[in-house]
Amino acid sequence: MKMLLCLVALVAALTANAQNTEAYQNFIPGGYPVSEMGFTFGTAGWSFQPLTDVSVTALGSFDYLVTGQGPIAVGLWTADGTLLASTTITTGSTLVNECRYETIPTVQLSSDQTYFVGAYVTAGDLMNFSVVGPDHGTVVMAPEIQLGMAVESSASGFNFPDSFESPSGYAFLAPNFEFQPVPEPATFWLVGSGLLALLATRRRCRV
């Protein structure tokens with residue numbers, strides 16, 4: 001019984017100790033200007049595909065938008081426009097590197113499916129955001145996340161960003177998100193097998 005409890009505790013600890021990772025991590029300028037500017041009265045962001053199953057734990061916005069234009073609504077959608085999660089980012093939201101985040105109920109995303117993340121100025125003002133892509137430098141994503149393209153909504157307001165506005169490899173630097181990779185079942189089997197082997201060894205020693 002003690003071994004079973006140890007196994008449960010160890011699995012829980014492994015899950016709890018997983019670190020949040022930012023999806024969009026950095027931008028390395030090239031010979032071209034660092035970025036161009038984009039403008040919209042709607043929702044703007046980027047599409048992406050997870051390369052492994054991930055759990056999204058927080059949604060965020062680039063801090064320059066929050067401090068310069070007020071609260072920012074951020075949403076996460078499936079490719080068919082289903083809203084999976086949303087929140088509002090303010091100057092009181094947690095600052096991590098260049099973005100501010102609010103924790104959300106965990107949303108699990110499947111590998112090789114396309115998703116959309118977008119941001120919107122809640123005051124309804126014209127949003128002024130940076131545009132980055134291959135001809136400006138290098139977009140650095142988390143290894144588990146493959147950037148799709150820059151997207152925005154075809155209508156004003158906080159809506160599914162359904163309009164593709166660039167070739168692949170571009171992003172409107174408005175939203176971001178934090179995630180944790182979902183541990184593969186093999187990891188848990190490995191931990192369990194190790195504990196069972198330990199239990200068998202202890203029993204043999206007692207005999």
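Modeller: In this predicted model, two strands pair if DSSP finds at least two bridges between them.

Biologist: Which residue in β9 does Thr94 stand opposite?

Modeller: β8 spans residues 94-96 and is an edge strand, pairing on one side only. β8 and β9 (residues 99-109) are antiparallel and share 3 bridges. In β9, the residue opposite Thr94 is Tyr101.

Biologist: In what order do the 5 strands of the open sheet run?

Modeller: The pairing is antiparallel. The edges are β1 (21-22) and β8. The order is β1-β16-β5-β9-β8.

Biologist: Asp63 and Arg100 meet in a salt bridge. How many residues apart in sequence are the parts that the pair ties together?

Modeller: The structure holds 1 salt bridge. The N to O distance for Asp63 and Arg100 is 2.6 Å, and both residues are buried. Asp63 sits in helix α2 (residues 63-69) and Arg100 in strand β9, so the parts tied together are separated in sequence by 37 residues.

Biologist: Is the aromatic pair of Phe116 and Phe160 stacked or edge-to-face?

Modeller: The ring centres of Phe116 and Phe160 are 5.0 Å apart. Their planes make an angle of 75°. Planes over 60 degrees apart count as edge-to-face. So the 75° pair is edge-to-face.

Biologist: Is Phe116 buried or exposed?

Modeller: Phe116 lies in strand β10 (residues 115-121). Ring pairs link Phe116 into a cluster with Trp77, Tyr120, Phe158, Phe160 and Phe164. Buried means under 20% relative accessible area. Phe116 has 3%, so this residue is buried.

Terms used:
Residues numbered from 1 in each chain as written. Predicted model: local features only at pLDDT ≥ 70, side-chain atom pairs only at ≥ 80, totals over all residues. Heavy atoms only, no water. Helix = DSSP H or I, 4+ residues; strand = E, 2+ residues; numbered from the N terminus. Phe/Tyr/Trp six-rings, centres within 6.5 Å; stacked < 30°, edge-to-face > 60°. Buried < 20%, exposed > 50% of the residue type's maximum accessible area, 1.4 Å probe, protein only. Salt bridge = Lys/Arg side-chain N within 4 Å of Asp/Glu carboxyl O.
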